[in-house]
Amino acid sequence: MLSLVPILLVLAVLLADGGFVFELGLATPDSELGRVVGLSVGPVLLVAAGASVVVSALRRRIGRGRSLRAAVRTGDRCLLVARWLLLLNYLFTVLVIDALGAARELAGGWILIGELLVMLPPILGLLWLWWIWYPIERRLHETALLHRLDRGLPVHLPPGRWPYVLTQLRLHILLMLVPMLLILGLSQVLEGFLETDGREINLWAELGTGFVAISVLGASPLIARWLLGLRRLPDGSIRIDLESICARHGVRVRDIMLWRTGGTMINAAVMGLVRHLRYVVLTDGLIEQLPRRQVQAVMAHEVGHVRHRHMIWLLVCLLSTLVLGQWSLELLVDLAPEVFREPAGPGAVLQLVVVLAVIFLLFGWMSRRFERQADTFAVQHLVAESECPDRIDSESVLAMVGALDSIALLQAIDPRRRSWRHGSIAWRTEYLQSLIGRPVDGLAIDRTMVLIRVACGIIVAIGILQLIMEAIS
């Protein structure tokens, strides 16, 4: 759910800029700034207080010797509800009481200041949730230390509370929010520079905004490198293994980077659309705590994302869901114009629900298939090094399954915990185990991905054609 936070923060601003503010009688021209601030901050304080009470109760239960795993599951559910309440309140303030308009008036025309002001309450609320969760996170880290000592793995002292909170902020919010805000700010500058009544110039503004978005996305790995403090992975056997995997599949990267987290995170990622600005990132915890074969499986998974051009196609899929959301709104208006053309009433709220549901359900479903194809690619890579490269063997599958299980164990993640973009670890491992004995080529996931790409490509092409026709008509 955390990967949704920066998307919803910016999406609400874009909807408000597009005039998608519900006229329910709550946002009036003579509204006092104090009322807007109260409705923006008050619910955040209530959510923060409620979450604090629940987490404090869980800490007392753990102190009395109750199950740590059960307390973590309860805490996860509590924090999930709290995050959704924070985001729903943010959507309410931006799209119902027009807090963005009030913030921009207060900012006096400064670029992005108004946007940052309205985003501040939910971000501060999330920071507080991480702050109160830290003692339980520290307890989990101390428990994991025993597993590492038993296995002869390196151990690290748990980070302090502020380093933990700032790491969560950088990873879950700033990593996506900073590039998105850059795109938003530069597009506002461009629109102001080209502001005119001519439609032709409006078309140039749209094209310029697209160019700005592509440029910022292309440079986003450099932003991530700065935000996360990434360093080059030192030379050695592990680097040689990882470079050989890239070379084998013809994947070029600028560098393989190490993210020093003090052993608190076991993760990997690939960043960058073009090879000159593409990095593969591995955390120190992954390299130190997973066996060599599992590290190779994780690296092959990340290479699979690049080999199948997942980053580009994820953008195409996201755009296709936006187009489908717009088409859904147009269909609702055609079916019941008396309801959905009114700026006030339940029809306006239903429009927002439809847009978010289309984006959330469809993009999440497609994103999980991208992840499944990368898991499959990792297994296919390992099979190619086995004695029988034509069929998927249990050893290759268990290497990838073992990597996922190790991540769950060492980070105290419930394997059944669902993830919007990746799916649960249990869901992924069950699928991988179903591949044993099947031919390496012609798997169902590859056919599914072809259909997804074709469908999304056609939808985006039609959407762009519609935009051009509207601009020149």
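Helices here are DSSP runs of H or I with at least four residues, and strands are E runs of at least two, both numbered from the N terminus. On that basis, the protein has 16 helices and four strands.

This is a predicted model, in which local features need pLDDT of at least 70 and side-chain atom pairs count only at pLDDT 80 or more, while totals for chains, interfaces and linings use all residues. Residues are numbered from 1 along each chain as its sequence is written, and side-chain values use heavy atoms, with hydrogens and water left out.

The protein has 473 residues, and 47% of them count as buried, that is, under 20% relative accessible area with a 1.4 Å probe, protein chains only. Taking contact as heavy atoms within 4.5 Å, 77% of the contacts between residues at least 6 apart in sequence join residues at least 24 apart.

I turn now to a helix pair. The axes of α1 (residues 4-17) and α3 (residues 68-95), lines fitted to C-alpha atoms over the stretch in contact, come within 9 Å and cross at roughly 10 degrees. The two helices are therefore roughly parallel, a term for angles under 35 degrees, on a scale from 0 to 180 degrees between N-to-C directions. From α1, residues including L4, L8 and V13 meet a set in α3 that includes W84, Y90 and L95.

Finally, consider E371, in helix α13 (residues 346-384). Is E371 buried or exposed? E371 is buried, at a relative accessible area of 7%. Leaving aside residues up to four places away in sequence, E371 touches H301, H305, R421, H422 and R428.

Key. Buried < 20%, exposed > 50% of the residue type's maximum accessible area, 1.4 Å probe, protein only. Parallel < 35°, antiparallel > 145°, perpendicular 65-115°, else oblique.
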